[in-house]
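Visitor: I am new to this structure. Please show me how to read its features.

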Amino acid sequence: MVKQPAEIVAIQKAVDITAASLKDAFKQKYRYEYELEAQIAQGFRARGAKGHSFEPIVAGGQRACTLHYLANQAKLQPGELIICDVGAEYNHYAADITRTISQTKPTQRQIDVYTAVQRVQQQAMSLLKPGVKLRSYENKVADLMAQELKKLGLIKRNKDVRKYFPHATSHFLGLNVHDVGDYQQPLQPGNVLTVERGIYIPEEGIGVRLEDNVLITEDGARNLSAKLKQKLW
């Protein structure tokens with residue numbers, strides 16, 4: 001669970017390769033999900049990664065509401081948001097970053113959903129520090145997300161949060177994208193985790209997910225993927 005300096009260097013390199021590859025890939029427009037997937041893979045290999053650290057997810061529109069959509073073969077329609085959940089593997093260590101983009105000017109509703117996810121993402125990262133217990137942290141983040149879902153008119157009660165946010169916020173990251181770790185232990189310096197927020201609205205064909213990789217430090221947390229800015233359009 002506690003990564004050694006050499007491990008943190010390898011994870012940071014995997015994160016940097018992933019971020020740079022996504023940044024370059026997003027400069028172009030694509031007709032099919034697999035075209036974007038291929039461009040990301042090319043970026044990984046060209047930058048020294050072995051390849052993907054897990055099966056990539058490139059999902060447009062309604063398909064982005066399927067959490068582990070792996071087909072990556074559909075045609076991308078104008079007006080669809082696209083979730084890219086990918087990670088490079090470098091020296092056996094994994095990255096796991098998600099960004100959501102639009103190839104055309106997004107609607108106000110899409111912008112509102114995106115900014116809601118972005119706010120919760122930033123709040124969640126601010127909660128991470130040594131001594132934090134992941135169960136209480138997950139509960140706090142779920143409450144934050146519930147408030148955003150209420151503002152969007154999607155739920156009225158906090159307990160309904162999982163209807164539109166059906167996954168956990170964080171998992172350990174290392175040799176595996178879902179690395180080993182004791183989720184009952186308080187966080188300590190050297191832990192590396194993902195921070196992953198999302199809102200999925202199947203009835204509107206809108207799926208938004210943002211995910212960063214975070215290192216727990218002596219006095220807080222450092223976002224290892226901060227170089228890749230969050231930008232919808």
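Guide: Here is a short tour, one feature at a time.

Guide: This is a predicted model, where local features need pLDDT of at least 70, side-chain atom pairs count only at pLDDT 80 or more, and totals for chains, interfaces and linings use all residues. Residues are numbered from 1 along each chain as its sequence is written, and side-chain values use heavy atoms, with hydrogens and water left out.

Visitor: In which helix is Thr-18 found?

Guide: Helices (H or I, at least four residues) and strands (E, at least two) are DSSP runs, numbered from the N terminus. Thr-18 is in helix α1, residues 5-25.

Visitor: Is Thr-18 buried or exposed?

Guide: Buried means under 20% relative accessible area, exposed means over 50%, and partly exposed is in between, with a 1.4 Å probe and protein chains only. Thr-18 has a relative accessible area of 0%, so Thr-18 is buried.

Visitor: What does the side chain of Thr-18 reach?

Guide: Think of polar contacts. These are pairs of N or O atoms within 3.5 Å; within protein, one must be able to donate a hydrogen and the other to accept it, and residues adjacent in sequence count only if both atoms are side-chain atoms. The Thr-18 side chain reaches the backbone oxygen of Ala-14 at 2.8 Å. This side chain also reaches the backbone nitrogen of Ala-88 at 2.9 Å.

Visitor: Which residues does Thr-18 touch?

Guide: Contact means heavy atoms within 4.5 Å. Not counting residues up to four places away in sequence, Thr-18 touches Phe-44, Val-86, Gly-87, Ala-88, Ala-95 and Ile-97.

Visitor: Where does Thr-169 lie?

Guide: Thr-169 is in the loop between α4 and β7. Its relative accessible area is 1%, so Thr-169 is buried. Its side chain makes a polar contact of 2.8 Å with the side chain of Glu-138.

Visitor: And Ala-168, where does that lie?

Guide: Ala-168 also sits in the loop between α4 (134-151) and β7 (192-201). Ala-168 counts as partly exposed because its relative accessibility is 44%. Leaving aside neighbours within four places in sequence, Ala-168 is in contact with Glu-138, Glu-196 and Arg-197. The C-alpha atoms of Ala-168 and Glu-138 are separated by 7.0 Å, although these residues are 30 apart along the chain.

Visitor: Which side chains does Gln-230 join by polar contacts?

Guide: Gln-230 is in the segment after β9 (221-223). A polar contact of 3.3 Å joins its side chain to that of Gln-118. Another, of 3.1 Å, joins the side chains of Gln-230 and Asp-212.

Visitor: How many aromatic pairs are there?

Guide: Rings of Phe, Tyr and Trp (its six-membered ring) pair if their centres lie within 6.5 Å; planes under 30 degrees apart count as stacked, over 60 as edge-to-face and the rest as tilted. The whole structure has 2 aromatic pairs. One of them is Tyr-32 with Tyr-34, stacked at 5.2 Å centre to centre and 15° between the planes. Tyr-32 is partly exposed, at 25% relative accessible area. Tyr-34 is partly exposed too, at 40%.

Visitor: Which residue lies over the face of Tyr-90?

Guide: A charge sits over a ring if NZ of Lys or CZ of Arg is within 6 Å of the ring centre and within 35 degrees of the ring normal. Lys-13 lies over the face of Tyr-90, 5.9 Å from the ring centre.
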